[in-house]
Amino acid sequence: LAGGRPAGAVQVHIEAIDALHFISPSKTGDRISLHGHVTRVFGTSMEVEISVRAYDVAGGQESARHINNGFLVVQVLGGDGQPLALRPSRADMTGDDPESRPRHEAAASREAVRALRRQMGSLQAGAMTWSEDLKEEMCICNLWGVLRISHVDEWHELAAMPRGSPLPAPLAALNAGSDVSPADIALSANLCTWGLPLLSIRGCLSVDTPPPLVFELLKSPERRAAWDVLLKEGRLVRQIGPDNAIVHEVFEPLSGDLGRPHDYALISSWRCESDGSYVIASRSIVVEEVPPSPQYQRGEGGEGCWAIRLARLGDRL
């Protein structure tokens, strides 16, 4: 009702419940009252602060206990069920209440955080906007993306190249001039990932190298640049705790001598699993420490990962 009255809505749809603060419990027999206050109106939604109070009717106490507080984001829907356009509120519209202006300003900050969280959970391939306030959530979300990737099905085989088999000419040029495959390689693709027009590529590679060493060679962008013929330059921008980092990677042009190198600003997160396998997850981010450069073509990648585990090949590991 707090959201519906000022907008003249046909119906009000709760879009999000945010920042719930449980102060104290309610008890059986309590009378509960909810008080709503519109803090800010956006383009097609508004934020409503909800305060929950409890009255101990059975105990004869008339005073209210403040037990919960939180925020609802509601959309105002018309008769066709579509969101109505609202006139965004301004600070000078908050009236004489001295608490209204700070509430109005704080609502904008909360909406910015909600937008970042929607971006983190999005299935689209765009870059996430980095936030120091949400860096722990972003690192967790980065690894969560690995779980989503693992549930992609219907992979279609693109190529299978056993060790020692002839390589296509473009790959042979990248393989230090050798025209045979140095390992067992299989490539596959999904053209409609999660039902969206997103292309996913999966590569499986078997090498005679212990998993811990493979992990170290892939985790460090500087060490990877020393052996990866596609990676022109890699550097650690900033370490974030023991298991996460912001990195910058520059790749050679995809079309030989034509075009500029393309670069990526990435959040990289890694873990060692209990079975001895390793995961390195990465996703593009927008961060001030790695601004776009005119000498590179800035790329954006969605969720990606390296999964490293001990493999059984015939009668050997």
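Let's start with a hairpin: strand 2 and strand 3 form one, with three residues between them. Strands here are DSSP runs of E, at least two residues long, while helices are runs of H or I with at least four, and both are numbered from the N terminus. Ten bridges join strand 2, residues 31-41, to strand 3, residues 45-55, and the two run antiparallel. Two strands count as paired if DSSP finds at least two bridges between them.

Before we go on, a word on what you are looking at. This is a predicted model, where local features need pLDDT of at least 70 and side-chain atom pairs count only at pLDDT 80 or more, while totals for chains, interfaces and linings use all residues. Residues are numbered from 1 along each chain as its sequence is written, and side-chain values use heavy atoms, with hydrogens and water left out.

Now the whole chain. The secondary structure comes to five helices and 14 strands. Of the 317 residues, 35% count as buried; buried means under 20% relative accessible area, exposed means over 50%, and partly exposed is in between, with a 1.4 Å probe and protein chains only.

Next, helix 1. How far apart should the ends of its 22 residues be? At 1.5 Å a residue, helix 1 should span 32 Å, and its end C-alpha atoms are 31 Å apart, which agrees. The expected span is 1.5 Å times one less than the number of residues. Among the buried residues of helix 1 are His104, Arg110, Glu111 and Arg114.

Keep Arg114 in mind as we turn to salt bridges. A salt bridge is a side-chain nitrogen of Lys or Arg within 4 Å of a carboxyl oxygen of Asp or Glu, and a search of the whole structure finds 18. Which residue does Asp18 bridge to? Asp18 pairs with Arg114, the closest N and O atoms being 2.8 Å apart. That pair links distant parts of the chain, with Asp18 in strand 1 and Arg114 in helix 1, 96 residues apart. Both Asp18 and Arg114 are buried.

Arg114 also meets Glu47 in a salt bridge, at 3.0 Å from N to O. Because Arg114 lies in helix 1 and Glu47 in strand 3, this pair ties together parts that are 67 residues apart in sequence. Glu47 is buried, as is Arg114. Salt bridges with shared partners join Asp18, Glu47, Arg110, Glu111, Arg114 and Arg118 into one network.

Another salt bridge brings together the side chains of Asp56 and Lys27, at 3.8 Å from N to O. Are these two buried or exposed? Asp56 counts as buried because its relative accessibility is 12%, and Lys27 counts as partly exposed because its value is 48%.

On to helix 2, residues 135-150. Its 16 residues should span 22 Å at 1.5 Å a residue, and the end C-alpha atoms are 24 Å apart, which agrees. Its buried residues include Met138, Cys139, Leu143 and Val146. Among the elements covering the buried residues of helix 2 are helix 1, strand 10 and strand 12, where contact means heavy atoms within 4.5 Å.

Last stop, the loop between strand 7 and strand 8, where Leu199 lies. Leu199 counts as exposed because its relative accessibility is 57%.
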